[in-house]
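Have the structure open and follow along.

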Amino acid sequence: MFKPMATLGSYALASLQEIGMISIFAVRGIKSCFLPPFFWREIFRQLMALGFYSLPIVGLTAIFAGMVLALQTYVGFTRFNAEGAVASVVVISITRELGPVFAGLMVAGRTSSSIAAEIGSMRVSEQIDALITLQVDPYKFLVAPRIIAGVLMVPFLVLIADIIGVMGGFLVSTTLLDFSVGSYIAQTVKNMEMIDVISGLVKAAFFGLSVACFGCYHGFHCDLGARGVGNATTSAVVSSCIGILVLNYLLTALFFGI
Amino acid sequence: MSKIIFDCVRKSFPGGLEVLKGVSLSVKGGESHIILGQSGCGKSVFLKCLLGIMAIDSGDIRVDDLSVKDRLRSGEYMRKFSILFQGNALFDSMTIIENVEFGIGQAKKNISKCRDMAAEKLLAVGLEPRVFDLYPSEISGGMQKRAAMARAIAVEPEILLFDEPTSGLDPVTGGVICHLLRDTVKNLGVTSLTITHDLKVAAFLSDRVSVLNQGDIVWTGHASTMKKCGNEFVEHFYHASSAIGEDRTT
């Protein structure tokens, strides 16, 4: 007989168990970042993979986000004769929200999947077992470098995204919407507050942590075979995107005391 | 004197599937021992339990005076082993020489000439210097097996483990690898434990063979006595393997 409450209960318990396992995994991974040995070459490789190679997609996302934001704000604000506030809205929105969230989601899509696929393939091809037999802690060799790269490089990417996003808004405003270059820059500088930028960068560090932890966790726990690696990749992207959105809300509430 | 002792080892998986049902086995020091069995009989689980990668439910595995249960507390247990994995398990992100160098670097932290030692080991297994800086995906299966062998012997273990050493190789390359394994074990004077389902490999490499069936060791002896050992399963396994060999040649 179908028992809806029992089914719901078992799903809830399974979800709680998964959250517990991910939390334990993340704590162990973070702890590994501070304890020697440090695999510098692997750390550098991950800094490049997660940071440098994500630059084009993050930059592209940021410039279009800034351009669309300027257009939409202009169209909306014209109804209230407040189109002069476009520069303020663009800089505040980009630095506080759009820069960190869009960059985080792009990195989640691009990197979390590749982390899960790479570690999952290593699990399937017994490379993780080989590490253990060589007395290398897989957390130190595989997880710690990716967490370090995530925490350091996502803020760097967000900083670039902030600059490019604001530039996108500036380009649209000054070329299509007849804003003067001088007044747009003056308004941008006047309304750009350090707390907005810093809160965005702190959020980004947590987003980087989320991307790395979910990617590594799903790779580590993937089922054997190509299907297992595929499922791990999908789960990594979905869970790191959800992680970013939840963390974004919690950190925003924390920063701005709501 | 026994080097490896399996004492009534049990291992089951969630869902109640019992893979090892009280396995007991003794491998002597310097011996080349083969674990022979059908696919899915628990050979790989047996090996992973020995390495401590999988925790056993009950019983004990001892290597010299060290228990597998001490593996996490002391690195000494793991330092005794080196393994040649079925799929080689070379690290994709490293070149061939870096794979060997990495193994040496972990085992002998204070050694300065890891690269020279790695090159020496690669030459010893018959790999040419032109492949040293290639990635595993850029060389053939036979070369990968040799590179994995070089990584395994580079850490100078007391026990060498081979998991299906000729799997995925053509008969010629498989034969070459078998000779390489036998010569290496002989030259290093180490204990070796090989997991295989191939009777010819077992006969070629072994001092003694143990047959694993349905989660337990059903027979142990010399490969030459398998044919008429009195154990129904072992004799059936022997004749089935031989029949395939004869069919191929006719």
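Predicted model: local features only at pLDDT ≥ 70, side-chain atom pairs only at ≥ 80, totals over all residues.

What follows goes from ground rules to chain A, then the interface, then chain B.

## Ground rules

Residues are numbered from 1 along each chain as its sequence is written, chains are lettered from A and ligands numbered from 1 in the order in which they are written, and side-chain values use heavy atoms, with hydrogens and water left out.

## Chain A at a glance

Chain A has nine helices and zero strands. Helices (H or I, at least four residues) and strands (E, at least two) are DSSP runs, numbered from the N terminus. The C-alpha atoms of chain A fill a box of roughly 65 × 55 × 35 Å along the principal axes.

Of its 258 residues, 48% count as buried, where buried means under 20% relative accessible area, exposed means over 50%, and partly exposed is in between (1.4 Å probe, protein chains only). Among contacts in chain A with a separation of 6 or more, 85% come from residues 24 or more positions apart. Contact here means heavy atoms within 4.5 Å.

## A glycine worth a click

Is A:G51 buried or exposed? A:G51 counts as buried because its relative accessible area is 0%.

Leaving out residues up to four places away in sequence, A:G51 touches A:Q46, A:M153 and A:L157. A:G51 and A:A149 are 98 residues apart in sequence, yet their C-alpha atoms are 7.4 Å apart in space.

## Where the chains meet

At the interface, 17 residues of chain A are in contact with 24 residues of chain B. About 1700 Å² is buried between the two chains, and carbon and sulfur atoms give 61% of that. Buried area is the accessible area (1.4 Å probe) that two parts lose on being put together, summed over both. On the chain A side, A:T133, A:L134 and A:Q135 lose the most area to chain B, together 34% of what that side buries.

How many salt bridges does the rule find across the interface of chain A and chain B? There are three, a salt bridge being a side-chain nitrogen of Lys or Arg within 4 Å of a carboxyl oxygen of Asp or Glu. One of them joins B:K48 to A:E126, with the closest N and O atoms 3.9 Å apart. On chain A's side, the elements that give two or more residues are α2 (40-50) and α5 (127-133). Helix α5(A) gives the most, with six residues. By type, that side divides into eight nonpolar, four polar and five charged residues. Ala, Val, Leu, Ile, Met, Phe, Trp, Tyr, Cys and Pro count as nonpolar, Asp, Glu, Lys and Arg as charged, and the others, Gly among them, as polar.

## A covered strand in chain B

Now over to β9 (residues 208-213) of chain B, a mostly covered strand with six of its six residues buried. B:R208, B:S210 and B:L212 point one way, while B:V209, B:V211 and B:N213 point the other. In a regular strand the side chains alternate between the two faces of the sheet.

β9(B) pairs with β3 (residues 32-37) of chain B in the parallel sense over five bridges, and B:L36 has B:V211 as its bridge partner. Five bridges also join β9(B) to β10 (residues 216-221), running antiparallel, with B:L212 opposite B:I217. Two strands pair if DSSP finds at least two bridges between them. The hairpin of β9(B) and β10(B) has two residues between the strands, and B:Q214 there takes a positive phi near 50 degrees.

## Elsewhere in chain B

Chain B also holds an open sheet of four strands in the order β2-β1-β4-β5, with antiparallel pairing. Its edge strands, each pairing on one side only, are β2 (17-28) and β5 (66-67). Nine bridges join β1 (residues 2-13) to β2(B), and B:F13 stands opposite B:L17.

Last stop: helix α4 (residues 114-124) of chain B, whose buried residues are B:C114, B:M117, B:A118, B:A119, B:K121 and B:L122. What covers them includes α3 (96-107) and α5 (141-154) of chain B. Just after α4(B), B:G126 takes a positive phi of about 90 degrees.
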